[in-house]
Amino acid sequence: MRFLDAAATTPVRREVLEAMWPYLTGEFGNPSSHHHLGDAASRALAAARTEVADALGGRPVEVVFTAGGTEADNLAVKGLALARPRGRRIVTSVVEHPAVLEACDYLERFHGFTVHRLGVGSDGVVDLAEAEGAIDEDTALVSVMLANNEIGTVQPVGEIAAIAHRVGALVHTDAVQAVGAMPVHPAGLGVDALSLSGHKLGAPKGSGALWLRRGAALEPLVHGGGQERGRRSGTENVAAAVGLATAVRLATAPEREAERAALADARDAFVREVLAALPDALLTGHPVRRLPGHASLCFPGTSGEAVLLTLEHDHGIVCSSGSACAAGSDDPSDVLRAIGLDREVAQTAVRFTARSAEDFDGAAADVVHAVTTVRSLAD
């Protein structure tokens with residue numbers, strides 16, 4: 001099997017499993033307990049927090065462990081907006097992850113916020129001129145993702161943050177797809193909060209974190225024992241935190257830069273080969289400002305689902321017809337519709353996402369064969 005669906009999830013790394021194992025077995029203590037098992041768990045949790053903070057260029061106090069990227073997004077959007085003494089307006093984009101969009105909808109329906117959803121161009125990049133006009137003195141929060149999970153486009157978050165901070169608004173970015181795939185430093189981006197997820201990096205599903213700028217007020221979603229400095233109550237999952245920290249450290253190590261460059265080159269070669277053989281195919285997203293292992297293509301005259309099933313059955317390639325978070329839906333992707341594709345073309349999309357350059361070896365020929373097969377069956 002060749003796995004080209006890394007944007008959906010990744011296998012747990014052996015180093016991560018080994019780091020977690022003690023806290024799933026002998027070192028099983030509650031980090032709030034005042035005995036040697038609890039102290040050992042507390043030290044492990046603190047070390048994990050420091051490791052994540054170091055990778056992001058922040059401080060341990062700024063790291064809140066969560067059960068994944070969706071919770072981190074919800075905590076940031078709802079928590080920051082509800083804790084703000086000013087503004088009842090939220091600015092986001094039409095291509096955000098559902099965790100952000102639905103959190104914004106919740107605030108609009110139940111807390112009287114108004115939500116402005118920024119449009120994007122055909123390359124998926126947020127319109128900065130629109131952002132300049134939409135972010136005003138009544139804006140409490142701006143939430144724009146760093147890199148899109150469906151089309152791979154990298155957004156100008158730094159420029160958006162500068163616009164927002166000029167009027168005193170806070171800024172959150174969903175960096176779930178970006179961490180490990182590109183250098184990510186919240187302070188450099190100028191954001192106040194940043195979400196990440198473990199299972200995109202080789203940690204278990206159900207692990208994640210929110211980086212929250214020190215001093216930023218946050219209303220918790222979960223109340224109880226006051227863990228995570230009162231920002232997320234509940235007994236901490238020490239093993240998951242240790243696993244996440246290990247995965248983040250490995251994914252952001254300096255030597256990864258050369259691997260990312262090689263991955264981008266392999267991705268570009270894959271796209272060139274596919275487009276040369278299938279000139280009517282369409283690469284979606286920005287041609288340059290995109291994640292290094294990400295290629296989302298539309299194949300007019302096919303069904304995206306039929307292509308991916310053919311790839312798996314005939315060639316052993318596992319990929320996706322869109323976001324895994326929209327699994328089971330027959331509707332065309334909202335992201336692809338937002339960049340101007342009509343319904344029929346949007347339903348032909350197939351997403352190929354890799355973590356290593358070797359994953360793309362020989363894949364283009366298999367994709368061309370699968371698309372050709374599907375088209376011949378439709379004739």
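Colleague: What sits over the ring of tyrosine 106?

Modeller: The charged end of lysine 78 does. In this predicted model, that charged end is 4.6 Å from the ring centre.

Colleague: And what about the ring of phenylalanine 113?

Modeller: Arginine 88 has its charged end over that ring. The distance to the centre of the phenylalanine 113 ring is 4.0 Å.

Colleague: Back to Lys78 and Tyr106. Which helix contact are they part of?

Modeller: The contact of α3 with α4. Lys78 is on the α3 side and Tyr106 on the α4 side.

Colleague: At what angle do α3 and α4 pack?

Modeller: At about 35 degrees, with the axes 9 Å apart. Helix α3 covers residues 69-83, and helix α4 covers residues 98-111.

Colleague: Left-handed or right-handed crossing?

Modeller: Right-handed, as α3 passes α4.

Colleague: Which other residues make the contact?

Modeller: From α3, they include Thr70, Asp73, Asn74, Val77, Ala81 and Leu82. From α4, they include Ala99, Val100, Ala103, Cys104, Leu107 and His111.

Colleague: How many of the contact residues are nonpolar?

Modeller: Nine are nonpolar. Three are polar and two are charged.

Colleague: Change of topic. How many aromatic pairs are there?

Modeller: The count is three. One of them joins phenylalanine 270 and phenylalanine 352. Their ring centres are 5.2 Å apart and the planes are at 65 degrees, an edge-to-face arrangement.

Colleague: Are they buried or exposed?

Modeller: Both phenylalanine 270 and phenylalanine 352 are buried.

Colleague: Why is the pair of phenylalanine 270 and phenylalanine 360 called tilted?

Modeller: Because the planes of the two rings are at 35 degrees. Planes under 30 degrees apart would count as stacked, and over 60 as edge-to-face. The centres of the phenylalanine 270 and phenylalanine 360 rings are 5.0 Å apart.

Colleague: Where is phenylalanine 360?

Modeller: In the loop between β12 and α13, the latter being 363-378. Phenylalanine 270 is in α9, so this pair ties together parts 90 residues apart in sequence. Both phenylalanine 270 and phenylalanine 360 are buried.

Colleague: Which residues do the ring pairs link into a cluster?

Modeller: Phe270, Phe352 and Phe360.

Colleague: What else does phenylalanine 352 touch?

Modeller: Setting aside residues up to four places away in sequence, its contacts include Leu4, Gly293, His294, Ala295, Leu297, Phe299, Leu311, Cys319 and Val367. Phenylalanine 352 has a relative accessible area of 0%.

Colleague: Now backbone angles. What is the phi of glutamate 228?

Modeller: Positive, about 55 degrees, though glutamate 228 is not a glycine. Arginine 229 also has a positive phi, about 60 degrees, and is not a glycine either.

Colleague: Where are they?

Modeller: Glutamate 228 is in the loop between β8 (208-212) and α8 (238-251). Arginine 229 is in the loop between β8 and α8 as well.

Colleague: Is arginine 229 buried or exposed?

Modeller: Exposed, at 66% relative accessibility. Glutamate 228 is buried, at 5%.

Colleague: What about serine 233, where is that found?

Modeller: In the loop between β8 and α8. Serine 233 is buried, at 9% relative accessibility. Its C-alpha is 5.6 Å from that of valine 222, eleven residues away along the chain. Beyond neighbours within four places in sequence, serine 233 is in contact with Val222, His223, Gly224, Gly225, Gly226 and Gln227.

Colleague: Last one. Which strand holds glycine 208?

Modeller: Strand β8. Glycine 208 is buried, at 2% relative accessibility. The C-alpha atoms of glycine 208 and glycine 68 are 3.8 Å apart, although 140 residues separate them along the chain. Leaving out neighbours within four places in sequence, the contacts of glycine 208 include Val64, Phe65, Thr66, Ala67, Leu196 and Leu244.

Key:
Residues numbered from 1 in each chain as written. Predicted model: local features only at pLDDT ≥ 70, side-chain atom pairs only at ≥ 80, totals over all residues. Heavy atoms only, no water. Phe/Tyr/Trp six-rings, centres within 6.5 Å; stacked < 30°, edge-to-face > 60°. Buried < 20%, exposed > 50% of the residue type's maximum accessible area, 1.4 Å probe, protein only. Helix = DSSP H or I, 4+ residues; strand = E, 2+ residues; numbered from the N terminus. Lys NZ or Arg CZ within 6 Å of the ring centre and 35° of its normal. Axes fitted to C-alpha atoms, helices over the stretch in contact; angles between N-to-C directions. Left-handed = near helix turned anticlockwise from the far one by under 90°. Contact = heavy atoms within 4.5 Å. Nonpolar A, V, L, I, M, F, W, Y, C, P; charged D, E, K, R; others polar.
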